[in-house]
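This briefing covers aromatic contacts. Please have the sequence and the structure open while reading.

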Amino acid sequence: QVQLVESGGGLVQAGGSLRLSCAASGFSNYGLGWFRQAPGKEREFVAATDRSGGTSYYADFVQGRFTCSRDNAKNTVYLQMNTLKPEDTAVYYCAAGRIGSSYGNDYAYWGQGTQVTVSA
């Protein structure tokens with residue numbers, strides 16, 4: 001059974017930090033990515049890693065604040081988020097696919113999401 005479970009979301013003040021985790025089961029060595037969807041907006045790409053975790057990709061809005069990494073032994077991908085802004089408020093989803101990319105259609109499996117709320 002393929003499953004992706006996000007955790008680590010919560011409510012923080014602007015400037016704070018959160019670390020999101022996504023534990024994947026039922027497969028391994030897939031490209032893993034993070035997307036988010038804010039209220040009233042379309043889902044957007046945040047970050048991704050390739051199968052080995054050697055290369056990470058980020059959306060422009062990250063501006064060096066986030067770090068995406070993975071532990072292949074645990075089949076887990078992380079998103080360390082620092083200097084959070086109110087506009088980062090969204091439901092964050094992890095996804096797995098044959099390749100890691102910025103396009104949601106490239107991912108076959110999605111988690112349920114974890115809420116991140118950043119207060120001003």
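A charge counts as sitting over a ring if NZ of Lys or CZ of Arg is within 6 Å of the ring centre and within 35 degrees of the ring normal. The charged end of R43 does this with the ring of F35, at 5.7 Å from its centre. The model is predicted. Across the whole structure, a search finds five aromatic pairs.

**The F35 and W110 pair**
- The ring centres of F35 and W110 are 5.0 Å apart, and the planes lie at 55 degrees, so this pair is tilted.
- The pair links distant parts of the chain, 75 residues apart.
- F35 belongs to strand 4 (residues 31-37), and W110 to strand 10 (residues 109-110).

**The Y107 and W110 pair**
- Here the centres of the Y107 and W110 rings are 6.0 Å apart.
- Their planes meet at 65 degrees, so the pair is edge-to-face; the cut-off for that class is over 60.

**Burial**
- F35 has a relative accessible area of 2%, so it is buried.
- Y107 is also buried, at 5% relative accessibility.
- W110 is partly exposed, because its relative accessible area is 26%, and buried requires under 20%.

**The cluster**
- Which residues form one aromatic cluster? They are F35, F45, Y107 and W110.
- F35, a member of this cluster, is the residue whose ring lies under the charged end of R43.

How values were computed:
Residues numbered from 1 in each chain as written. Predicted model: local features only at pLDDT ≥ 70, side-chain atom pairs only at ≥ 80, totals over all residues. Heavy atoms only, no water. Phe/Tyr/Trp six-rings, centres within 6.5 Å; stacked < 30°, edge-to-face > 60°. Helix = DSSP H or I, 4+ residues; strand = E, 2+ residues; numbered from the N terminus. Buried < 20%, exposed > 50% of the residue type's maximum accessible area, 1.4 Å probe, protein only.
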